[in-house]
Amino acid sequence: MNRQLDLALDGIRKRLLEMGTAVEQSVEDATQALLVRSVDGFERVRETETKINRLQVEIDQECVELIAQYTPVARDLRLVIAAIKMTMDLERMGDQAMNITHCVKDYLKETPIDLSLRLSAMALTCRRMIADSLDSFLRRDESLARKVLLRDDEVDSERDAIVKELLEIMRKDSSKVSSGLALILIARNLERLGDHATNIAEDVIYASSGEDVRHVGAKPSETE
Amino acid sequence: MNSKNLLVTKGLKAFVADFEILHGIDLAVGEREVVALIGPSGCGKSTFLRCLNRLHEETEGAHVEGSVVLEGIELYDRKSDPVALRRRIGMVFQKPNPFPSMSVFDNVAAGIVLQGVKNKSVLQEAVERSLRQAALWDEVKDYLDRPGTSLSGGQQQRLCIARALTVKPPVLLMDEPTSALDPISTAKIEELVAHLKEQMTIVVVTHNMQQASRISDRTAFFLYGNVVEYGATREVFTTPKNRKTEEYITGRFG
């Protein structure tokens, strides 16, 4: 039954994953630059961002057409609504990867600060959140999505700790103000990436169970 | 939605000869509430509707068991008169069925004429009130003496609604009232339902899922003569509780 609608929904799912993979690649390129102190990946981040923007427009258009053609209900409707919201988050994540790239560029021109390693660790946590949120979407794994939500606080406090430490360093050594500022901005963008991954996880929970966990905190998964 | 129950069925079973069509339906419909009955063809929703005004028993070999209570009164009580009861429960069918030999006016007046009302001004007033309620007055006020069948399909259906309204029933049953109508006529009937529910309870059978989600407060999903799920329409169409309901409304089954 309803092969056409299923095909259309599968198409949207695949395109979202394509967009998600592009975002993952972009964030990896942007944050690896900090670790390897190289700007080699920057051009790719820019190209990927263009691709991400294009995918957002195309997926949203597909969703609009699907609604017009099939007027989906229940889980089909929830999936389409979640998809439209996910493209918005993924597109912002592409922008954040670009922001990080600019900050890394600035940073690499200045006096290095030890903290760049700690920031790379934070980047790794964020990338795992992004990967898990996309994975939970792919596998329709609600309990994995709920785990992503729990890690958002972790990233928030890590950002606070890093900013605090950087301020200390900048106060003590004014030659590190420019590089410190660049790292603060990177930490801020990473934290925002975590927020968007959290939004995606919330959309996955909504699409799969209909539960709206935004602003209320998710109940622990029944499977845990 | 009003919380007071107006129409309540308990263990309602419908048969034709030995065949049991409905297997004991418990359903409560509130005052000034619109309830949509959905489900695949042959699931018993129309039969259920026809049990609510004792129309089912008019079928040869058919009988009903269980209880239907309207405003505290048992409809299947031996002493209750089906004809009197049908004045309290109006019905509109899939295909508009105005009385073919009657004018627009006479069609609408028919219900109260049968009750013995003869006073011309009373009739005129009732006809105008019903036609206005059915959102048809402006279109037919200058053609009241034309045959009811001369109207368009959508107008005929509103004429049938007006005819049902003349006797001021607290309940209106609608069996796929728009399935034979174009989208504009359909929209008019849906708008009408939204207005009518301020004064009466409406139970509507529909195969149009979007229509059910637009016009009803609660939705009952019928399957093989049982009610599988009955709940707030908003929830049934966004987060149905039963897997069968989900499969049916998303078009994967039925």
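Which residue in β7(B) is the bridge partner of B:V92? The points below take up this pairing and then the rest of chain B.

1. Basis of the note. This is a predicted model, in which local features need pLDDT of at least 70, side-chain atom pairs count only at pLDDT 80 or more, and totals for chains, interfaces and linings use all residues. Residues are numbered from 1 along each chain as its sequence is written, while chains are lettered from A and ligands numbered from 1 in the order in which they are written.

2. Confidence. Chain B has a mean pLDDT (the predictor's confidence in each residue, from 0 to 100) of 94, with 98% of its residues at 70 or more. For the model, the scores are ipTM 0.76 and pTM 0.84.

3. Strands β6 and β7 of chain B. The bridge partner of B:V92 in β7(B) is B:M174, and β6(B) pairs with β7(B), residues 171–175, in the parallel sense over four bridges; strands are DSSP runs of E of at least two residues, helices runs of H or I of at least four, numbered from the N terminus, and two strands pair if DSSP finds at least two bridges between them. Strand β6(B), residues 89–92, is covered on both faces, with B:I89 and B:M91 buried on one side and B:G90 and B:V92 buried on the other, where buried stands for 20 or more other C-beta atoms within 10 Å of the residue's own, C-beta atoms being placed from the backbone.

4. The open sheet of chain B. Four strands in the order β2-β1-β4-β5 form an open sheet with antiparallel pairing. Because β2 (19–30) and β5 (73–74) of chain B stand at the edges with a single partner strand each, one side of each is left without a neighbour in the sheet. Strand β4(B), residues 62–70, pairs with β5(B) in the antiparallel sense over two bridges, and B:L70 has B:I73 as its bridge partner in β5(B).

5. The side of chain B that touches chain A. In chain B, 13 residues are in contact (C-beta atoms, placed from the backbone, within 7 Å) with eleven residues of chain A. The elements of chain B that give two or more residues to this side are α8 (209–215), α9 (233–238) and α10 (243–249), and the largest share, three residues, comes from α8(B).

Technical notes
Contact = placed C-beta atoms within 7 Å. Buried ≥ 20, exposed ≤ 12 C-beta atoms within 10 Å, placed from the backbone.
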